[in-house]
Amino acid sequence: MGSKVPFVQFNNGNRFPIIGLGTWKSKPGEVVAAVKWAFDAGYRHIDCAHVYQNEKEVGEAIGDKLKEGVIKREDIYVTSKLWNTYHRPDLVKPALRQTLSDLGVAYLDLYLIHWPHAFKEEAGLFPQDKDGKTVYSDVDYVDTWKALEECVNEGLTRSIGLSNFNSQQIDRILSVAEIKPVVNQVECHPYLNQKKLKEFCESKDILLTAYSPLGSPDRPWAKPGDPQLMDDPKLKTLAEKYQKTIAQILIRYQAQRGVIVIPKSVTKSRIESNFDVFDFELADEDMSYIDSFDCNGRVLHLDWVKDHKHYPFNIEF
């Protein structure tokens, strides 16, 4: 079943499925079943991160499906991300090895720097001072990148990339890189379509991956009255036109733009439905119409670290 999914090609020649299962906010107790359902439905790309604190459970699901013969390791594509407290170069390889151990795999297909800003090392995932303020590290992400390159050279990951980096930060990485980033994973949906960042990345031969492609309706910090993308009447009209769900319209929109898309769900029917987006095509005028929804409607601001010198959202793109 996985064969119906289009692949994109990275700048290093490696291929990757354009759709994957996101696991952010998937509770450990739910994520095992979610990943198994995804593999059964035909997904072959799973997006993980150390900070999600569920990689052992994702690994359990991968292990079970390998044993069952549903998947082979060479046919699946596993992404993970280096957390902010492990940016110091000597901590990068041990952090990746921990992820490999948790996931039960010998290598990753893609490893990303999760955020450009570093936190204080060896004080938990979210180090705080006595006033509850996040404690920062002064490690520069360009030094972190060089350590990621060593991980590629040692065969611990096949590709490396970035997440939540702005255009200026990407340029800084490119100025030192011997191995180019293959992707930049960012929040991306019709209210924040990232057109300028996408064009910039593609001009550097870097692809975009869209997280929160459905607008993160389950985000824990949402306030009553906040716009909810999935409730947008304009999208309801489009869904009726194509006889598809709103989620399917949003996922198809990204795939047609050439953007890798990683919708998260722990519901079997939605996992299957979200994958079923390759039997229709959005008309050009409808793609342009969805583009017009953009309102810089970011839902993940990280305001609590905006005084960090490497905070990424203080420039236009």
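N54 counts as buried, because its relative accessibility is 0%, where buried means under 20% relative accessible area, exposed over 50% and partly exposed in between, with a 1.4 Å probe and protein chains only. The model is predicted, so that local features need pLDDT of at least 70 and side-chain atom pairs count only at pLDDT 80 or more, while totals for chains, interfaces and linings use all residues. Residues are numbered from 1 along each chain as its sequence is written, and side-chain values use heavy atoms, with hydrogens and water left out.

**The surroundings of N54**
- N54 lies in the loop between β4 (45–47) and α2 (55–68), where helices (H or I, at least four residues) and strands (E, at least two) are DSSP runs numbered from the N terminus.
- Leaving aside neighbours within four places in sequence, N54 is in contact with T23, S26, P28 and V31; contact means heavy atoms within 4.5 Å.

**The chain as a whole**
- The chain has ten helices and ten strands, and buried residues make up 56% of its 317 residues.
- A compact globule with 317 residues would have a radius of gyration near 20 Å, and the chain agrees with this at 19 Å; the radius is taken over C-alpha atoms, and the globule rule is 2.2 Å times the number of residues to the power 0.38.
- Along its principal axes, the C-alpha trace of the chain spans about 55 × 45 × 40 Å.
- Of the contacts in the chain with a separation of 6 or more, 75% are accounted for by residues 24 or more positions apart.

**The sheet**
- An open sheet of eight strands has the order β3-β4-β5-β6-β7-β8-β9-β10, with parallel pairing, where two strands pair if DSSP finds at least two bridges between them.
- The edge strands, each pairing on one side only, are β3 (21–22) and β10 (260–261).
- Strand β9 (residues 207–211) runs parallel to β10 and is joined to β10 by two bridges, and the bridge partner of T209 in β10 is I260.

**An annotated residue, H114**
- The unreviewed UniProt entry places the feature "binding site" at H114; UniProt positions are given in the numbering used here, feature names are shortened, and annotations may be inferred rather than shown by experiment.
- H114 is found in the loop between β6 (110–113) and α4 (141–153), and H114 counts as buried because its relative accessibility is 6%.
- Not counting residues up to four places away in sequence, H114 touches several residues, among them Y52, K81, W83 and N164.

**Helix α7**
- The buried residues of helix α7 (residues 233–242) are L235, L238, A239 and Y242.
- These residues lie on the same side of α7, because they cover an arc of only 100° around the axis, the arc being that of the directions from the helix axis to the C-beta atoms.
- The face of α7 turned away from its buried side carries the exposed residues P233, T237, E240 and K241, whereas the cover over the buried residues includes α8 (246–256) and α10 (284–291).

**An exposed residue, E178**
- E178, in the loop between α5 (167–176) and β8 (183–187), counts as exposed because its relative accessibility is 71%.
- Not counting residues up to four places away in sequence, E178 touches K146 and E149.
- E178 and W145 are 33 residues apart in sequence and 9.6 Å apart in space, C-alpha to C-alpha.
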